[in-house]
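Subject: Structure for your review

Dear colleague,

Please find below the structure that I would like to hand over to you. My findings come after it.

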2 protein chains.
Amino acid sequence: MSTTSRGATASPASYGIGARFSMHPMTDDFVPVILDALAAGQHREVVTSTDDVSTFVQGTESEVLGYLRDVIAAAGAGGGHVVAHVLLSRGCPGEVSCALPDDAGYAPEPLRPLAATGLTAAAHWSLYPLSAEREHMAVIGAAIEAARADGIATGSAHFVTRLDGDLAAVLETIGQAWVTAGRAVQHVVSHATVSLGSPTGREQA
Amino acid sequence: MSTTSRGATASPASYGIGARFSMHPMTDDFVPVILDALAAGQHREVVTSTDDVSTFVQGTESEVLGYLRDVIAAAGAGGGHVVAHVLLSRGCPGEVSCALPDDAGYAPEPLRPLAATGLTAAAHWSLYPLSAEREHMAVIGAAIEAARADGIATGSAHFVTRLDGDLAAVLETIGQAWVTAGRAVQHVVSHATVSLGSPTGREQA
């Protein structure tokens, strides 16, 4: 548990800013696809750690989202069906204790735009502002409205909002909502299942 | 939005009890593996709807968990590497509005035990009690302690708790925590990435 004070000195580590994700290329050759994709993110300023279930990514909001964009785009570049599951978290560096010097929201960094990938993605997305003080659904509602205004949120379903667009635009929408909610709420988690190259058209749903 | 009153008359639909999940068999032949696996859950009393990103499942807590057990076990029965991502939700039948007749927790049904599958699973699990009134980390902490006492929670990592065991025991732990938290908090969501047959040993992490 960090004792770093909030503000200019808060770091991704002390504030618990990062992601956990897994990628699933639906091919017999999934191992090299995953390893090559992870290598495509090496130039980003993030700390990563991969185990048999998922990869942990720590860094600033923009670097984490940039890393996810590069790695998932690399996995999908071959045109095969690839699904990634992404968890974004901020404001709770520990597993259970979220104690921080104060419990106000904190999200100083505007998210840098992500370069388009040319890959079309469909996602099921959810946002969880974990606050004891605020009405969490109001924060979620504002985030969904913003995503609709951007044209990326295309529908809603049980428990999730659907996003469609270039992979970069989908990740930007998810990341922007996470950062925006983080200005009002300390502990904000977001999950998304992001699908590329699915053989099932949306119309078949 | 349902106006059904809580208590004996609350139904999975009116209280928003259900799951959303996706399965990713890492094989060129993923389509028949997924379709055959989904068929293995047909005997369960659930309502399902599959689109190109995930499958929605609605039913009682026990039927939903039983369905997930049957379907994921069927996908993993061939011994290949299969990852499932599971979202469990209760207490918020709408996308944004969680308005229900009162905002107390409600979880009347004890979870029925799941039959062992013979398949070893590793999972990264997180639990989100989305309550404006209660300290959410206390509810999470109690759930993790219970999972540790069962011997299924084997470690913690950034943002998630690690679970290891028979697929059925892993799903039971996730389901039991979701139901238990639901007795204290209305809107409870849980996410888990469940991996079967990974070629990467845990020691390599």
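Predicted model: local features only at pLDDT ≥ 70, side-chain atom pairs only at ≥ 80, totals over all residues.

Interface between chain A and chain B

The contact between the two chains involves 66 residues of chain A and 66 residues of chain B. Together the chains bury about 5000 Å² between them, and carbon and sulfur atoms account for 65% of that area. Four salt bridges are counted between chain A and chain B. One of the salt bridges joins A:Arg162 to B:Asp51, with 3.8 Å between the closest N and O atoms. On the side of chain A that touches chain B, the residues divide into 27 nonpolar, 28 polar and eleven charged.

Helix α5 of chain A

Helix α5 of chain A covers residues 167-184, which makes 18 residues. From its first C-alpha to its last, the helix reaches 27 Å, close to the 26 Å expected at 1.5 Å a residue. At the start of this helix, a side-chain oxygen of A:Asp166 comes to within 2.8 Å of the backbone nitrogen of A:Ala168. A:Ala168 is itself buried. Other buried residues of α5(A) include A:Leu167, A:Val170, A:Leu171, A:Ile174, A:Trp178 and A:Val179, and A:Thr173 and A:Gly175 are also among them.

Phe159 in both chains

Which backbone angle deserves attention at A:Phe159? Its phi is positive, at about 75°, although A:Phe159 is not a glycine. A:Phe159 sits in the loop between β6 (153-157) and β7 (160-166) of chain A. With a relative accessible area of 13%, A:Phe159 is buried, because the cut-off for that class is under 20%.

In chain B, B:Phe159 likewise has a positive phi of about 75° without being a glycine. The loop between β6 (153-157) and β7 (160-166) of chain B holds B:Phe159, and this residue is buried, with a relative accessible area of 13%.

Arg148 of chain A

A:Arg148 belongs to helix α4 (residues 136-149) of chain A. A:Arg148 is partly exposed, at a relative accessible area of 36%. Its side chain makes a polar contact of 3.0 Å with the side chain of A:Glu145. A:Arg148 and A:Leu65 are separated by 83 residues in sequence and by 20 Å in space, C-alpha to C-alpha.

Yours sincerely

Note on methods. Residues numbered from 1 in each chain as written. Chains lettered and ligands numbered in written order. Heavy atoms only, no water. Helix = DSSP H or I, 4+ residues; strand = E, 2+ residues; numbered from the N terminus. Expected span 1.5 Å × (residues − 1). Buried < 20%, exposed > 50% of the residue type's maximum accessible area, 1.4 Å probe, protein only. Polar contact = N/O pair within 3.5 Å; in protein donor to acceptor, adjacent residues only side chain to side chain. Contact = heavy atoms within 4.5 Å. Buried area = accessible area lost by both parts, 1.4 Å probe. Salt bridge = Lys/Arg side-chain N within 4 Å of Asp/Glu carboxyl O. Nonpolar A, V, L, I, M, F, W, Y, C, P; charged D, E, K, R; others polar.
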